[in-house]
Amino acid sequence: MNRLIKRYKMQYHFNEIEAKWQKYWAENQTFKASNTSEKPKYYVLDMFPYPSGAGLHVGHPLGYIASDIYARYKRHKGFNVLHPQGYDSFGLPAEQYAIQTGQHPAVTTETNIKTYRRQLDQIGFSFDWSREVRTSSPEYYKWTQWIFIQLFESWYNNESNKAEEISSLITVFASEGNANVNAVCDDNIEVFTAEAWSNFNQKEQEEILLKYRLTYLAETEVNWCPALGTVLANDEIVNGVSERGGHPVLRKKMTQWSMRISAYAERLLQGLDTIDWTDSLKESQRNWIGKSVGASVTFKVIASETKQSANYENQVIEVFTTRPDTIFGVSFMTLAPEHELVSQITTPEQKAEVDAYILATAKRSERDRMADVKTISGAFTGAYAEHPFSKEPIPIWIGDYVLAGYGTGAVMSVPCGDQRDYDFAKHFNIAIPNIFEGVDISEEAYAAKDNVKIANSDFLNGMNYKKASKRAIYDLEQLGQGEGKTNYRLRDAVFSRQRYWGEPFPVYYVNGMPQMIDKAHLPITLPEVEKYLPTETGEPPLGRADVWAWDTVNNKVVANVNLSAVEGEDNGIYPLELNTMPGWAGSSWYFFSYMEEKAKRGEDFASEDALNYWENVDLYIGGSEHATGHLLYSRFWTKFLKDKAFVGVEEPFKKLINQGMILGTSAIAFNITNVRVSKLKEPYKVDNDKIHVSIESLNYGRDTKVNVIVSKEILFESTNIKSSVNSSAISELHHDPSKQNKLFNEILNTLNLEEEIKSDLLEGKAVLTYYINPIRIDVNLVNASDEVDVEKFKSHKTSKDYLKALFISEENETFIVGREVEKMSKRWLNVVNPDAICEQYGADSLRLYEMFLGPLEQAKPWNTAGITGVHGFLKKLWKLYVGENGLNVNDAAATKDNLKTLHKTIKKVEEDIENFSFNTSVSTFMIAVNELTAQKCTSKEVLEPLLALVSPYAPHIAEELYSQLGNEGSIATVAFPKFDASHLVESSKNYPISFNGKMRFTIELPMDLSKDEIEKAVMTNEKTIAQLEGRTPKKVIVVPGKIVNIVG
RNA sequence: GCUCAAGUGGCGGAAUUGGUAGACGCGUCGGAUUCAAAAUCCGAUUCUUCGGAGUGCGGGUUCGAUUCCCGCCUUGAGUACCA
């Protein structure tokens, strides 16, 4: 009995060990970061999760494990590490759940967070939970509201190139008007004098200031769905109706808050050069910002020679061009079919054609119009524009290759310099004037800017691109028909949402003008509502709140009944804003909040000391889907906060790594339905594995209700399907009666056919026909060899449709599924939950396996099959330290081989972590343990440092073994072992001997031989002589320490 | 269409500045142990006509190419014909 207990104690009981150390870490606050330290700082951050009701699946922790390894590694390397975690807990799913169930989103969010926390804790992350942040907690969103107010109180000064207090702008307005103000602001602001400013009433002044503020109210076009009472994103709309429910959607103007992110376009672009992000990510931000330098040019619309119409007067078309140097090459204008001028300038003769074209365009998606470059289409409006210099008439066309959403929605078309314009001109027989000296444009346009001189262009003749552009802009300015312009695609970001579960705005309205609530009264907390839907009058859910008015006398939120009912009467109580902030508000600055200890987040969102100490995030890991949303907005807010001296850094994230998606491996079985027997007109023919039949009569009378589920191999053998059936394929198959195999026989038996029909079938006078329909089987019912536990499947909750189905297994009675890699989702029954893995194999196995799957940044399929490999490794590791009779580790001197293995491992693991190549480290550990086991190593001198190497990857087992070696406390801050190259020095080398570059055999030679000595030794070797078969080599290449290559 | 990735055994994937392709793990096969199973351990495992061939395809540079260059093909992700 004692022996059994002892034996039990000596085994690797991961569940006990992991629970023990997780408790230890929590109780001892092992990973609590300090804001004062002698050590250098290092800030490792994950993109915080949205706590959904579904909980974590194995895809979520991938990035967390990687960042945790890095954080733990940095602690071993002597850094003061900040590695916090929190929740992005405002969001749509909680709200939708609330709409369905009436449960308060705060309640479901709290429940979900508990689940997430439990799941995260069981994986053993070294998070400093004392600094947790939740975007939906009032203590946190107080500061989100405060930042919003700061944006409202700021304008962007182009002279100083930063955001400044709005008061400085008011001072300028009062002293000299706005004529000399160089600000980022709305278009079309009227110039006023100081005197005019002081004569404006308060409301007029506020209206003007709003055009300058960094957050402002503006009319924005949105996709309004009246039936759902909400605004939809572009991809929520399919064919003009809502994806959910298919309700009509209309474009509607709404007054919404916007963020003047365009003010920061240039700095957001330039800042990319200073940060260590992947090129592809930087590139997508560059594309999103979309800078192009060129000119804006105004063309007057004129009547053509004969058609005179009043409509044309004073109409102009504004275009933006990056090639003002080619202005004399313009031979037509192209407007987007949606351009507002189209209806006004189209001549009666062209109206029918233009209308038809607009209608046709409206049916095409933007993606469609974009991807299809082969189909050239367009219509002539009948109207003309006047060339600004030559005064020649230029025909105005519409074409769907011009998009309304970009720039002005109009193009000056230069066919000789732009391939799309060229193709369009060719197609519609429009002139293609050549304005390039010595360039042949008979086949295609010449789009290059360099090494070409402009010709046939009046005063631009002989100039290059740069000079001609400059001159053209100068002359356009003289005419008042253009100016040099830098265009950014980046548009101001809409900041209002018609939702409940988001940050309320700290805003109330007096005479329709927004007023900010003073910082002292923040946070303005979410009011209670009885339903989370929009109001019947189309107001956002906050319109349902009864207590949602601002009392400016007592500075508190009061009941709506107190609002002045009578026009003109003012009791100091005003309506509050009904919109809430978008999801990205809270996530645009949370990384600064972590820098301060929770207890000290009162007076400021973080103290100056804390912000100065931690500066910015050293390493940020998250998904690439945030490339142009979160990662751009965070950079914007950081730059703004820097301008206002609230933080000290220009960029939030120094280094950024995207983890790849983990895909699911679906299990696919084949469902056979609609089984019929059909009489044939003439005998079937089989040709190239295809069965040709001519059916005389469908069925022998009836449709059978047989439902057959077939194992993969049986199906492939029995039918002409040769490889995997596409997951969505449904195909009708005629069964080849000559193949009287298991599938055929089993179906036949269940059909209970009359003898006559049966014999017809067997004689080939009739044919068996059925549909094959791939169905998914929950991956948790399938083992590593793709075998399904059929009995379990029949009783599983996902199988109710197949209760009466006939299962046809392989000859050996196993049931095999096909595999298909697709996105991991509930819908495909391929979700693997980390809980089950932690329970069965332990957190250390999960951590190692997620890393072992492949390179962090690549998308990869999850297949539980391989987890036994890493789990086996952990068991071997354990056995290396703990034998059946107790600890195997002693003070024995390390052998040369022991040290070689250890230092080889130190070197590789350190390199791997620095390069974020975690998958290769796991292999390295396996090799090290295999080698040390073979060497029967028991030396503490070797085995203790090995634990520090393993600790970032598999922290629980490392802690346990470290303590079993007699150490006190945690391994977490033990120094990372120092690599000593002297242990890897070899005295001989096993030289690969190649013939014409192909390795044939190896020869062991001392390392200190000279080139000639190596050549001699190799050439006199009998294997070489045998390989040469008497030939004399032309050349012998010797690279000492590397290779010998014999040519000839 | 454009941009960015990526194509290596049955599978996930290794391979330093160009120098032994397929490390490590899974799976499979064979063996040991066991009454049996689990667990564990050992061995084999790119293909091959046994000469060789081979890293998506076709060229090139080189003594030597998974790696560098040119041209293509396929897959994935993003996308906004950016004028």
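In this predicted model, the axes of helix α28 (residues 896–914) and helix α29 (residues 918–934) come within 9 Å and cross at roughly 170°, where the axes are lines fitted to C-alpha atoms, for helices over the stretch in contact, and the angles run from 0 to 180 degrees between N-to-C directions. The two helices α28 and α29 are therefore roughly antiparallel to each other, a term kept for angles over 145 degrees. On the α28 side the contact (heavy atoms within 4.5 Å) is made by N898, T901, K904, T905, K908, V909, D912 and I913, and on the α29 side by F918, T920, S921, T924, F925, A928, E931 and L932. These residues divide into six nonpolar, six polar and four charged, with Ala, Val, Leu, Ile, Met, Phe, Trp, Tyr, Cys and Pro counted as nonpolar, Asp, Glu, Lys and Arg as charged, and the others, Gly among them, as polar.

Chain A as a whole contains 33 helices and 39 strands, which are DSSP runs numbered from the N terminus (helices H or I, at least four residues; strands E, at least two). Of its 1048 residues, 52% count as buried, that is, under 20% relative accessible area with a 1.4 Å probe, protein chains only. Among the contacts in chain A with a separation of 6 or more, 72% are accounted for by residues 24 or more positions apart.

S331 lies in the loop between β12 (316–321) and β13 (332–335), and it is buried, with a relative accessible area of 12%. The side chain of S331 reaches the backbone oxygen of A431 at 2.8 Å. The C-alpha atoms of S331 and C416 are 9.4 Å apart in space, while the two residues are 85 apart in sequence.

Residues are numbered from 1 along each chain as its sequence is written, and chains are lettered from A in the order in which they are written. Local features need pLDDT of at least 70 and side-chain atom pairs count only at pLDDT 80 or more, whereas totals for chains, interfaces and linings use all residues, and side-chain values use heavy atoms, with hydrogens and water left out.

Technical notes:
Buried < 20%, exposed > 50% of the residue type's maximum accessible area, 1.4 Å probe, protein only. Polar contact = N/O pair within 3.5 Å; in protein donor to acceptor, adjacent residues only side chain to side chain. Parallel < 35°, antiparallel > 145°, perpendicular 65-115°, else oblique.
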